[in-house]
Amino acid sequence: MQYDHIIIRYGELTLKGKNRKLFTSQLLANVREALDEYKDIRVKKKYDRMYIQLNGENPDPIIERCKKIFGIQNMSLAIRAENDEKDIKKNALELIKNTDSVQTFKVSTKRSNKSFPIPSQEFNHVLGGFLLSHLDDISVDVHQPDLEVMVDIRQDATYITSKKIPGAAGLPVGSSGKSLLLLSGGIDSPVAGYLAMKRGVQLEAIHFHSPPYTSERAKEKVLDLAERLSYYGHKIKVHIVPFTALQQKIHREIPNSYSMTVMRRVMMRISEAVAERENILSLITGESLGQVASQTMESMHAINAVTSYPIIRPLIAMDKEDIIQISENIDMYEISIRPYEDCCTVFVPKSPKTKPRLEKVEQFEKNVDFSEDIMKVLEEIETIQVPQKDKKEDSLESLL
Ligand code: ATP
Ligand code: MG
């Protein structure tokens with residue numbers, strides 16, 4: 001016996017009323033994209049679920065891949081049978097015979113196709129009795145069976161499954177628009193990006209790089225993080241901003257205690273300009289309230305005032321331990337703790353103001369014009385489309 005289908009169930013998506021089609025179409029496109037190296041399979045969408053027709057492919061790596069696709073509530077391996085009592089019996093028997101260590105089972109039938117002549121309850125008994133009479137050393141346990149044989153009798157066919165495998169839940173990436181993630185090499189921003197993706201956001205990333213204070217390795221680290229993130233959605237474009245000259249200027253022209261606030265504001269101005277150029281309507285950061293000097297209420301107020309773009313902060317109320325836990329779960333942590341300097345740590349003053357005042361910041365900035373430097377930097381941005389390493393055909397390609 002071989003499972004010939006994977007059933008994908010949507011969960012939250014079914015609640016989306018009119019938008020539902022948008023969500024399910026996005027999910028379909030994402031599933032097809034994620035599985036595009038499996039040339040023989042077919043992915044089809046129905047109203048309340050999707051089917052992957054395996055056509056002989058091994059389902060295990062496909063299931064593993066699907067576990068990273070947001071918008072999937074759960075999945076089941078299934079055998080497709082005709083809407084015919086005999087065919088269902090034959091396939092259900094195969095399923096039990098080929099499942100290891102089953103001593104108890106129960107049958108749960110769902111009959112949405114009312115033209116099938118036997119009602120669900122009755123069919124539970126019919127099929128249960130048949131299985132008992134064809135197997136040795138096995139009994140029915142309706143409370144805690146080793147195996148639940150689920151029989152779903154639908155219009156087109158009957159699908160026999162035995163368990164639900166949890167999916168990544170959330171919303172399909174792309175269904176909530178696009179956002180620009182300020183991606184450092186740290187622990188927080190990749191997790192922030194991941195959580196935004198889970199709510200259906202497609203990402204581009206921007207990274208501020210200050211050679212020679214920050215090394216080529218620091219840049220590679222960021223590209224590796226972006227690659228890991230892309231595995232949960234689409235390929236990610238990373239905009240690398242050459243930030244050295246601007247940071248030096250800030251260091252020279254702005255009093256030490258305010259240089260960090262001004263640096264963040266300049267980062268926001270550049271990010272906003274890139275977002276505008278890319279038709280992106282919001283920014284994402286990995287800020288978490290109270291974590292460091294730049295993440296106080298006053299500081300966020302002073303930094304935020306420089307842009308009218310919404311800044312999404314998925315981690316704002318999270319504890320560091322919880323953030324690290326997610327980072328580990330999604331295999332980012334090992335990359336994030338590689339010991340390369342970030343531009344912000346290189347230039348960070350000894351005692352940055354934890355409660356900067358907006359009027360003061362604006363006053364300092366009045367005396368220094370950053371606009372031209374920002375324009376220049378925007379011209380020099382290097383944009384890299386990060387490949388998904390699991391896909392064979394890709395290689396690192398520079399777009400600009
Ligand atoms: P992270 O762990 O994400 O680096 P952090 O705890 O080090 O965050 P900060 O250094 O205050 O905190 O950075 C706050 C946020 O600013 C980061 O989460 C990130 O979104 C953004 N950021 C900081 N440095 C950079 C950088 N070099 N390039 C792009 N974004 C950055
Ligand atoms: Mg950092």
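Me: What average pLDDT does the protein have, and how many of the residues score at least 70?
Reply: This is a predicted model. The protein averages a pLDDT of 92, and 94% of the residues score at least 70.

Me: Which residues have a pLDDT that stays under 50?
Reply: Residues 392-400 do, and the model has 18 contacts beyond four places in sequence for them. Where pLDDT is low, the predicted coordinates should not be read in detail.

Me: How many helices and strands does the protein have?
Reply: The secondary structure comprises 14 helices and 16 strands.

Me: Why is the protein called more spread out than a compact globule?
Reply: For 400 residues the globule rule gives 21 Å, whereas the radius of gyration is 27 Å, which is well over that value; the protein is therefore more spread out than a compact globule. Along the principal axes, the C-alpha trace spans about 90 × 40 × 40 Å.

Me: Why does Ser-101 count as exposed?
Reply: Exposed means over 50% relative accessible area. Ser-101 has a relative accessibility of 66%, so it counts as exposed. Ser-101 lies in the loop between α3 (85-97) and β5 (104-111), and its phi is positive, about 40°, although it is not a glycine.

Me: What makes the peptide bond between Pro-211 and Pro-212 a cis one?
Reply: Omega is about 0° for the bond that joins Pro-211 and Pro-212, and the bond is cis. Pro-212 is placed in the loop between β11 (202-209) and α6 (216-230).

Conventions:
Residues are numbered from 1 along each chain as its sequence is written. Chains are lettered from A and ligands numbered from 1 in the order in which they are written. This is a predicted model: local features need pLDDT of at least 70, side-chain atom pairs count only at pLDDT 80 or more; totals for chains, interfaces and linings use all residues. Side-chain values use heavy atoms; hydrogens and water are left out. Helices (H or I, at least four residues) and strands (E, at least two) are DSSP runs, numbered from the N terminus. The radius of gyration is taken over C-alpha atoms; the globule rule is 2.2 Å times the number of residues to the power 0.38. pLDDT is the predictor's confidence in each residue, from 0 to 100. Contact means heavy atoms within 4.5 Å. Buried means under 20% relative accessible area, exposed over 50%, partly exposed in between (1.4 Å probe, protein chains only).
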